[in-house]
Amino acid sequence: MSLVKLWFLPVILVLSLFMLSCKKKKDESPQDSVAVSSENFIQYVNPFVGTKDMGHTYPGASTPFGMVQLSPATNFEPHSTNGKYNPKAYQYCSGYQYTDSTIFGFCHTHFSGTGHSDLGDFLVMPTIGELQLEPGNARESGSGYHSTFSHDDEYAEPGYYRVKLNDNNILAELTASDRVGFHQYTFPQSEESRIILDLIWNIYHYEDKNVWTFVRVENDSLVTGYRQTSGWARTRKVFFAMQFSKPFDSYGHKKYDDVKYNGFYRQFNEEQNFPEMAGRNIRAYFNFETGENEKIKVKFALSSVSTAGAVNNLNTEIAHWNFEQTKQETQKKWNAELSKINVETQTPEQKETFYTALYHTMLSPIVYEDVDGKYRGLDQNIYESDGFTNYTIFSLWDTYRALHPLFNIIQPERSNDMVKSMLAHYDQSVHGMLPIWSHYANENWCMVGYHSVSVLADAVAKGVTDADLSKLIDAATSTASVKYFGGLDSYMKLGYVSENVSSYSVSQTLEYAYDDWCIAQLAKKAGNEEVYSNYMGRSKSYLNVFDPESNYMRPKMSDGTWRKMFDPFDTHGQGFIEGNALNYGLYVPHEIDDMIELMGGKDKFPQHLDMIFTKEIEDKYIEKNEDITRDGIIGNYVHGNEPGHHIPYLYNWTNQPWKTQSRVRMILDSMYSNAENGLCGNDDAGQMSAWYVFSALGFYPVLPGSEEYAIGSPLVSNATINLGNGKRFTIKTVNQGKENVYIQKIELNGNELIANTLQHSDITEGGTITFFMGNEPNTGLVQRP
């Protein structure tokens, strides 16, 4: 008989009836109605790609852009101990490393591919036997509740994950809806079966990260609560509702706090069968008796708003206990999204690499609102979205380059929602700023630039947003005028960020110059000559950090002199963030012709690019940068990090454009694969994968904010982009092959294309582009118009 007092049931019945009477789930967005192809695209995705070494991806279950990312944690490495950074934590940005053989449990929130981290909320772990509430040491069997596992007993596909927990002979299966994680655990016969809820666990944990935790045992199968943490997001609240398919027999918790004052709660034995739990650091457990192969299921809903919101999300999205039904519904969503690009490749491995990359582009940003449209805003107040779906996780220094431009082709409705989510962030910002790097109703200020403006400008240029143009301009110019942000005061006064002000001065100047060009394009579209003139002037600020003597972009002091100690090969301490002058110094996407002229012209510049790809960088130049490793380096070219992603395409602006074709194909073949280590660096919220998707199709957005794509060299044999408006854009190749990387001729809708560029309208209007390939460069083929 359950020891849980059931006097809560009338209260919960009233709550449930109230929630059912609340506003129903908003209409599904247009992309959710895409017809599912009869082809099973899920079979081509390997969620383990990037889980080994530097990729920082996770293999668990989620929906496309879903709020829940239900995935295993294979080890625990705190971010810091006694105030000192622990470098091993970097390996666990996603909570999972393929080389591990232990599982500590299954968490509900994860970043995909980032180089810094947070999240890892609400770890759930099934166990049997004597109660152990400590996670234990991965190197010591039996030291805690963790279990060993084997990859032979592990399986993942989009929307589903399965693993055998060897120590307790428990089969764990995971799936998810947009806002609800669905667990299914098959237990052995035991009188001591239990499910642990670890509310201390975090990714990038440190002492005092947990600000407060509150839990209510509502009845013998429903638990609700919230946790507030202060990490990368310094004020982050996540609410939950946890429902079991079987009543638990008893329950309890342990509080790991130094309690100074407990008031009159001291009269209770709070640790056992007491329906309230509150403190900074809590682990709870729920006990069952199980028969042989008995399944206990857990539905775990999230909300940024309230426990009532979490309960409503749970009841709305998964109102049943049919695990297989939820799995099939989620995989139907994935198949619909993956079918938006139908490719034929030369090898099965290439097809798996392509669709896994496409899959990774749709793990973030994530939906960040309840089914009734309510969400927590940047000011920590509760809002209701009006005319858009609210999104979060904007890793913009990474994703503005290719991920958001990809959305403007295959996810235009979501792209529009993301633009409006950024505007909502701006409205709620006390700084009057668009997102820099934001997640979970927090601005974390990571990296440089204000690249929301690039996303806005690209959406306007591609015609995918109906947001008010004047408001976009107001938000962009306000963001670009906050003097205390990232050396902007120096930038606006001097025309560059001074090295006296910031150690990332050159990167900031280059990124700001490009962002200002984006603002100018918004103003041009609106016919606002004053703003256009101002920001076009600012967009030329890169000229102020170009040193003609060294022929490199270089840190400049506030008095106008060049910093004396300068090494263009070093990726640390040379005025660049996560890069050097060789790579990052070529970032002038809005005035590439002028940059090339500065650096010697169209005949000399290819020699500089060749040197970047062929001269091997010395270890001393990368040893202080954990985001740059040998895995992602070709010569001095760093593909494992974002600042150089446009570099292979720069040959197109020179008199040797065919070198773009060979370099792109080399990178596609050598830096990506369908194996666990198939990403050469952090996937960075999908940017690394978006580069692959674009480049494999044969073109790339070197200049987001314009309608232009640079031609590369397609890896696919054929491809069709299903545009969702009844139109299709087809990519065909003739004489495609491993050695045939050079384009001999291009035809667009049967007419020869006399340029190495493609326009966005060429794609969205539908049609066919045909690449005629060969194994020798056609040196007379294409020049830029």
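Residues are numbered from 1 along each chain as its sequence is written, and side-chain values use heavy atoms, with hydrogens and water left out. In this predicted model, local features need pLDDT of at least 70 and side-chain atom pairs count only at pLDDT 80 or more, while totals for chains, interfaces and linings use all residues.

Helices (H or I, at least four residues) and strands (E, at least two) are DSSP runs, numbered from the N terminus. Helix α6 (residues 403-410) packs on α7 at an angle of about 130°, with the axes 6 Å apart. That makes α6 oblique to α7. Axes here are lines fitted to C-alpha atoms, for helices over the stretch in contact, and angles run from 0 to 180 degrees between N-to-C directions. Angles under 35 degrees count as roughly parallel, over 145 as roughly antiparallel, 65 to 115 as roughly perpendicular and the rest as oblique. His404, Phe407, Asn408, Ile409 and Ile410 of α6 make the contact with Pro412, Ser415, Met418 and Met422 of α7, where contact means heavy atoms within 4.5 Å. By class, six of these residues are nonpolar, three are polar and none is charged. Ala, Val, Leu, Ile, Met, Phe, Trp, Tyr, Cys and Pro count as nonpolar, Asp, Glu, Lys and Arg as charged, and the others, Gly among them, as polar.

α7 also packs with helix α9 (residues 469-479), at an angle of about 55° and with the axes 11 Å apart. That makes α7 oblique to α9. The crossing of α7 and α9 is left-handed, a term for a near helix turned anticlockwise from the far one by less than a right angle (right-handed if clockwise). Val419, Leu423, Tyr426 and Asp427 in α7 meet Lys471, Leu472, Asp474, Ala475 and Ser478 in α9. This contact has five nonpolar, one polar and three charged residues.

α7 returns in the lining of a cavity. On a 1 Å grid over the protein atoms alone, a cavity is a set of points where a 1.4 Å probe fits but cannot get out, and lining residues have an atom within 4 Å of a point. Of the 19 residues lining the largest cavity, Asn390, Tyr391, Thr392, His425 and Ala441 are the closest to its centre. The largest share of the lining, four residues, comes from α7. Nine lining residues are nonpolar, nine are polar and one is charged.

Elsewhere, the axes of helix α4 (residues 348-360) and helix α16 (residues 687-697) come within 8 Å and cross at roughly 130°. That makes α4 oblique to α16. α4 passes α16 in a left-handed crossing.

Two backbone details remain. Most residues other than glycine have a negative phi, and most peptide bonds are trans. A cis peptide bond joins Ser364 and Pro365, with omega about -5°; Pro365 lies in the loop between α4 and β21 (366-367). Asp53 has a positive phi, near 70°, and sits in the loop between α1 (9-21) and β1 (71-73).

Note on methods
1 Å grid on protein atoms, 1.4 Å probe; cavity = no way out; pocket = protein on both sides within 12 Å on 5 of 7 lines; lining within 4 Å.
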